[in-house]
Amino acid sequence: AVSVDGKPGVPFSGALLTPIVAGAQRLSLRGIAERSAELVGKARTGKLQPHEYQGGTFCVSNLGMFGITEFTAIINTPQSAILAVGAPQQRVVADSAAPGGLRAETVVAVTLSSDASLIEPAEAAAWLDAFATHIE
């Protein structure tokens, strides 16, 4: 069985803590959000236990909440990948069905950094494509 351990990045005292949402594949989106919020609260108050931040397989870094629109995140060992999420931006896009041929659209930049010794680059690209399709 595959175990997915998500890790939200939390800035704390000049460092980046990455608490583990263990077994994320068994949780609903709401469950992941609730567990993440609990762990982020513990991280910000310095109350995380070692088993709550050591290990993990995948990390999400959301500098978008600070207004950063696009960035590249660095993988925290021993994780295999990290997804950098930027702030949403409104952009004008062509749309022949819209009045005047233009409409506003919300766009979020995401960047996936992965360890090529653990994840084949083509697999990482396919994952990012599937992620974008799902989000859109």
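**The aromatic cluster**

Analyst: In this predicted model, a single aromatic cluster is made up of Phe58, Trp127 and Phe131. The structure as a whole has 2 aromatic pairs.

One of them joins phenylalanine 58 to tryptophan 127: the ring centres are 5.4 Å apart and the planes stand at 50°, so this pair is tilted. Phenylalanine 58 belongs to strand E4 and tryptophan 127 to helix H2 (residues 121–135), so the contact ties together parts of the chain 69 residues apart in sequence. Phenylalanine 58 is buried, its relative accessible area being 19%; the cut-off for that class is under 20%. Tryptophan 127, at 36%, is partly exposed.

Tryptophan 127 also pairs with phenylalanine 131, and here the rings are stacked, with 5.3 Å from centre to centre and 15° between the planes. Both residues lie in helix H2, and because they are 4 residues apart, about one helical turn separates them. Phenylalanine 131 is partly exposed as well, with 24% relative accessibility.

As for the charged contacts, there are 5 salt bridges in the whole structure. A network of them links Arg35, Glu38, Lys42 and Glu52. Within it, arginine 35 meets glutamate 38 at 2.8 Å, N to O. These two are 3 residues apart in helix H1 (residues 29–44), which means a separation of about one helical turn. Glutamate 38 is partly exposed at 43% relative accessibility, and arginine 35 is partly exposed at 26%. Arginine 35 has a further salt bridge to glutamate 52, where the closest N and O atoms are 3.9 Å apart. Glutamate 52 is buried, with 6% relative accessible area.

Another salt bridge joins arginine 103 and glutamate 105 at 3.1 Å, N to O. Arginine 103 is partly exposed at 34%, and so is glutamate 105 at 30%.

Phenylalanine 66 lies in the loop between E4 and strand E5 (81–85). Together with Leu63, Met65 and Ile68, Phe66 makes a nonpolar surface patch of about 350 Å².

Methods
Residues are numbered from 1 along each chain as its sequence is written. This is a predicted model: local features need pLDDT of at least 70, side-chain atom pairs count only at pLDDT 80 or more; totals for chains, interfaces and linings use all residues. Side-chain values use heavy atoms; hydrogens and water are left out. A salt bridge is a side-chain nitrogen of Lys or Arg within 4 Å of a carboxyl oxygen of Asp or Glu. Buried means under 20% relative accessible area, exposed over 50%, partly exposed in between (1.4 Å probe, protein chains only). Patches are made of residues with over 30% relative accessible area and no salt bridge: like charges are joined within 9 Å, nonpolar side chains (Val, Leu, Ile, Met, Phe, Trp, Tyr) within 5 Å. Accessible areas come from the Shrake-Rupley method with a 1.4 Å probe; for residues, only the protein chains shown count as cover. Rings of Phe, Tyr and Trp (its six-membered ring) pair if their centres lie within 6.5 Å; planes under 30 degrees apart count as stacked, over 60 as edge-to-face and the rest as tilted.
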